[in-house]
Amino acid sequence: MTEKIREIARRILENGEVELVIGFEKGTIPLKSRPVFIEKPEDVEKLIWDGFCENNLATYLRRYKGRKVGIVAKGCDSRAIVNLIVEGQLNREDVYIIGVPCTGMYDRRKMLRDGKLEPSDDYLFMNCKTCQYPTPVLYDELVGEEVSPRTRDYSDVGTIEKMSSDERWEWFQREFSRCIRCYACREACPMCFCEFCFVDENRPEWVEGGIHPSDLGFWNLGRAFHLAGRCVECGACERACPMELPLMVLNRKMAKDVKEIFGYEPGVSLDEKPVLGTFNPEDREDFIL
Amino acid sequence: MKRIEKNKFYEKLNDLIGEYRVFAPFGDRYRYIEDVSEIRFDGLLTKMSPKAHFLPQEEELFRWDERENIKVKDVNDKYIVFGMRPCEVRALSLLDLVFNTEKFPDPYYINRRKNTIIISIACNEPLETCFCTSFGYGPFTKGDADLMLVDMGDYFLGEGDENILDLFGFTDSEEDYKELKEKAESKIKRIEIQGIPEKLEQIRETDFFKKITQRCITCGTCTFLCPTCYCFDIQDRNRLNGGKRVRVWDSCMFKIYTQETSGHNPRYEEYRRVRQRIMHKFAYYPSLYNQYGCVGCGRCVTYCPVNFDIREVIREAGGYNG
């Protein structure tokens with residue numbers, strides 16, 4: 001697939017279809033492939049594809065508004081692109097999507113902790129293990145055979161749902177007290193494109209700076225809520241988090257609820273309106289307090 | 001050289017908890033411990049550097065009540081920071097240059113610094129990402145530590161303040177750590193920093209910084225984990241019956257950091273922020289203090305979500321002819 005990606009990148013750079021291709025190259029630390037920005041056809045040899053392309057490259061697209069960009073996209077990345085288009089952040093014709101059917105990404109940190117250098121299914125990220133859209137939902141070219149969806153499984157969310165509210169609060173406070181407010185989650189997330197994030201607002205200050213538990217809670221819950229019906233479950237936030245907080249449990253809870261309550265999944269169709277941007281008299285209301 | 005059995009050392013350290021507040025490695029960060037059994041080394045370096053003791057992420061400066069009586073926060077406790085690595089000790093000497101100046105002495109930082117005994121541990125097994133020896137010191141440099149320990153398995157060799165060595169009950173030893181030191185130093189890959197400050201100034205306005213910024217997502221991971229980054233924000237916490245003024249960590253990577261009241265932001269674009277971070281450490285620090293603002297601990301390399309590698313940036317800057 002690496003070869004195919006290079007071939008397409010070279011062609012669309014040479015024929016001027018795009019001014020830039022965003023893909024992955026080999027990183028400088030073990031088991032890390034990292035974003036790379038190719039502007040010259042002769043540099044396409046840098047591009048690679050492997051099980052460590054964990055970032056969601058769609059997060060960079062907001063920097064190139066109105067410019068023609070090629071992008072290497074896994075299933076989840078393509079969903080982010082679809083959602084950016086649906087939410088009016090991106091024009092379909094500005095982006096050339098090199099779709100990569102994805103068999104899952106491996107948790108490098110867990111592997112390194114266990115001293116493993118060879119990927120195996122045990123180290124797949126939870127959202128990859130249960131991925132419903134491994135094949136890109138939108139692409140200009142697909143570089144491989146379609147990959148079948150995996151078994152839908154929200155048992156990670158289930159574990160938290162089963163707790164009593166006290167236990168859950170205790171879990172949340174314990175886990176999220178480790179947050180350092182670096183906002184790697186926000187910056188890694190393609191859907192966090194607000195020009196001014198609520199957490200940065202200081203006139204008035206909605207969330208105080210520092211690490212008081214109430215501010216850490218507010219930030220993390222606020223972030224998750226803002227992604228309800230928008231999160232494409234790519235896991236970029238959790239992979240970026242230096243403190244390895246279980247951010248995806250919150251996001252996946254939201255995704256699961258939105259699917260169950262409204263039958264909606266973000267980023268799978270260009271024709272559907274965002275779930276929170278529409279109203280249907282048939283919508284359930286029983287969750288409103 | 002002096003030595004002490006590890007269990008004897010930890011016993012004594014435990015006895016000192018109470019008289020001193022002890023800040024020690026606890027997995028991914030340091031924390032104030034109640035008992036030495038809480039100490040947990042997860043690898044050579046904690047993710048969060050121990051700067052959090054000297055510059056807490058959230059620190060009260062003073063508070064006021066409804067009658068506007070102001071009470072300034074004292075820092076009078078005595079502290080021991082145990083387990084710091086030579087790079088982290090060196091980082092303190094760089095922070096001193098900023099917070100302990102004649103013109104603007106920072107009493108909070110200075111008091112903590114003055115009231116803290118630093119016990120460091122030399123690095124027998126440096127990491128792949130360590131590049132400390134690039135900066136004229138190394139994995140066995142005591143620096144400003146009051147006591148540096150060398151891990152010899154069942155015992156520590158100690159070097160430093162006689163009073164502290166006596167306090168712990170170190171005894172004389174014929175051994176030295178020369179061999180360990182040489183072995184450790186030989187493992188570390190240096191980066192070439194000769195001429196970098198001048199070169200960075202030269203290429204400041206070229207496309208270099210735009211190029212290297214493409215990858216950076218401008219989160220604050222590097223700056224928050226960095227032992228030398230010290231940017232902060234001052235905030236007032238107003239409540240009905242008074243309030244307090246606090247200092248909280250901030251980051252030059254954040255857009256809001258340089259946002260002015262008028263709405264103008266001199267570092268709106270990402271590359272201006274990345275340029276600031278690199279220039280501050282490798283050009284401004286050298287020109288202001290004749291020291292690099294980086295200690296080569298490698299945290300920013302290891303934990304960057306997109307593998308923005310400062311070693312590579314410095315190398316590319318050195319060879320940039322654009």
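Visitor: Before we start, what does "in contact" mean for two residues here?
Guide: Two residues are in contact if their C-beta atoms, placed from the backbone, lie within 7 Å. Please note that this is a predicted model.

Visitor: How many residues of chain A are in contact with chain B, then?
Guide: On the chain A side there are 25 residues, and they are in contact with 29 residues of chain B.

Visitor: Which elements of chain A give two or more residues to that side?
Guide: They are β2 (33–38), α7 (184–188) and α9 (236–240) of chain A.

Visitor: Turning to chain A itself, how many helices and strands does it have?
Guide: Chain A contains 10 helices and five strands. Its radius of gyration is 19 Å, close to the 19 Å that the globule rule gives for 289 residues, so chain A is as compact as a globular protein of that length.

Visitor: What share of its residues is buried?
Guide: Of the 289 residues in chain A, 44% are buried.

Visitor: Now chain B: at what angle do helices α7 and α12 of chain B cross?
Guide: The axes of α7 (residues 196–203) and α12 (residues 310–318) of chain B cross at roughly 75° and come within 9 Å. That angle makes α7(B) roughly perpendicular to α12(B).

Visitor: Which residues make the contact?
Guide: Helix α7(B) contributes Ile196(B), Lys199(B), Leu200(B) and Ile203(B), while α12(B) contributes Ile314(B), Ala317(B) and Gly318(B). These divide into five nonpolar, one polar and one charged.

Note on methods: Residues are numbered from 1 along each chain as its sequence is written. Chains are lettered from A and ligands numbered from 1 in the order in which they are written. This is a predicted model: local features need pLDDT of at least 70, side-chain atom pairs count only at pLDDT 80 or more; totals for chains, interfaces and linings use all residues. Helices (H or I, at least four residues) and strands (E, at least two) are DSSP runs, numbered from the N terminus. The radius of gyration is taken over C-alpha atoms; the globule rule is 2.2 Å times the number of residues to the power 0.38. A residue is buried if 20 or more other C-beta atoms lie within 10 Å of its own, exposed if 12 or fewer, and partly exposed in between; C-beta atoms are placed from the backbone. Axes are lines fitted to C-alpha atoms, for helices over the stretch in contact, and angles run from 0 to 180 degrees between N-to-C directions. Angles under 35 degrees count as roughly parallel, over 145 as roughly antiparallel, 65 to 115 as roughly perpendicular and the rest as oblique. Ala, Val, Leu, Ile, Met, Phe, Trp, Tyr, Cys and Pro count as nonpolar, Asp, Glu, Lys and Arg as charged, and the others, Gly among them, as polar.
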